Amino acid sequence: MSSIPQLRKRIDRLDQSLLGLLTERAKLVQGIGSLKMQNGQPIFVPGRERKLLKDLLAKNAGPLSNESIEGLFQEIIHACRNLQKQLAVAYFGPAASFSHSAALRCFGRDTQLQPARTIGEVFTEVDKGRADFGVVPIENSLGGGVFHTLDMFIDSPLNICAELELPIHHFLLSKTASSPEKVKVLYSHYQALTQCRTWVDDHMPHVRIQEAMSTSEAAEHASRQRGSAAIASQLAANEYGLKVLASRIEDSKQNSTRFLVIGTAEPEPTGKDKTSIMFSIKDRPGALFDMLVPFKNAKINLTKIESRPTRQKAWEYIFFVDFLGHRSEARVKKALAALQRHCVFLKILGSFPRGE
């Protein structure tokens, strides 16, 4: 049986081999980056990145978990992509918000991440070229659609380039308290508190609650005030130097938020795509039903339908629809052509790789 020093020597040799392979991979990526720049091709190719990860996970035989393998290779992918170009990405909310977490997961730490005060500001930064991409929330599994994001697409020329579903986990964080029972003041955004209400009532029935504008702001308050705590993300704990008193205190374990990556280009088809559209119709009996018939005839699966006021005339609406398929597919083209004949206007917001 090998001794610990012998095993460590083998590990050292493997680490050197890994470093050599990573260097070789990085050089190949740089070469691809040069060709992309010459041909005007996008640096961020979400479909390719997701397929790479999926193929690796399918071949993983352990002992490392799929989660560990995914995390390791995401870091490699992000670091190598950054060698082609350091992307600038605007995201909604302050640092340590869930949009920040989504941007990190999609683009990595080496990306130039830019917090934005509003969803509209994210769209503006990308539209004006001050950011290559933007990350905005579009819907929550418990709270429904994010209407401000939907409204921004009405006038924006930007496309949806990718989607990402992020599980939402809440943590009880504090700088000074040693346990939930020791917390005197709890800072929380109202939505986070609503999602953790049962846990808070059971474990902190006498705590005084102070509302914050965001989970990040709650964490910032907790980092300054003795005897206080915040409901916020794991990222906020790292950002503000807080310790975790309790993990995953959300009442529902099915809580997740879907985020969109917005930009100026449209990704190439991957075979597993989704398309988002918006349209308005003349108000008449059966109008919406007629709009959906072309999708039924083409056997296209609708995954989301949402309505918003036009803001031009009372009780007139714009409909947002997501469906499986790419705008370049023949059956999708046929359905969209049939739809366009019957609606006031139709706008394709983008075809993009389906989120896992």
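In which loop is Pro63 found? Select this proline in the predicted model and you will see that Pro63 sits in the loop between H2 and H3. For orientation, most peptide bonds are trans.

Before going further, colour the model by confidence. The mean pLDDT of the protein is 92, and 99% of its residues reach 70 or more. Confidence is lowest in strand E4, residues 144-145, where the mean is 80, whereas strand E6, residues 171-174, has the highest value, at 97.

**Helix H3**

Next, select residues 66-84, which make up helix H3; its 19 residues reach 27 Å from the first C-alpha to the last, close to the 27 Å expected at 1.5 Å a residue. Show the side chains of Ile69, Gln74, Ile76, Ile77, His78, Cys80, Arg81 and Gln84, which are the buried residues of this helix. To see what covers them, display helix H1 (4-39), helix H2 (46-59) and helix H4 (98-107), which are included in that cover.

Stay in H3 and centre the view on Ile69, which is found in this helix. Ile69 counts as buried because its relative accessible area is 12%, and the cut-off for a buried residue is under 20%. If its neighbours within four places in sequence are left aside, Ile69 is in contact with Leu57, Asn60 and Leu64. From Ile69, draw a distance to Leu172: the two C-alpha atoms are separated by 28 Å, and the two residues lie 103 residues apart along the chain.

Is Ala96 buried or exposed? Its relative accessible area is 0%, so Ala96 is buried.

Finally, move to Arg248, which lies in the loop between strand E10 (243-246) and strand E11 (256-263). Here too a residue other than glycine has a positive phi, in this case near 50°.

Methods:
Residues are numbered from 1 along each chain as its sequence is written. Side-chain values use heavy atoms; hydrogens and water are left out. Helices (H or I, at least four residues) and strands (E, at least two) are DSSP runs, numbered from the N terminus. The expected span of a helix is 1.5 Å times one less than its number of residues. Buried means under 20% relative accessible area, exposed over 50%, partly exposed in between (1.4 Å probe, protein chains only). Contact means heavy atoms within 4.5 Å. pLDDT is the predictor's confidence in each residue, from 0 to 100.
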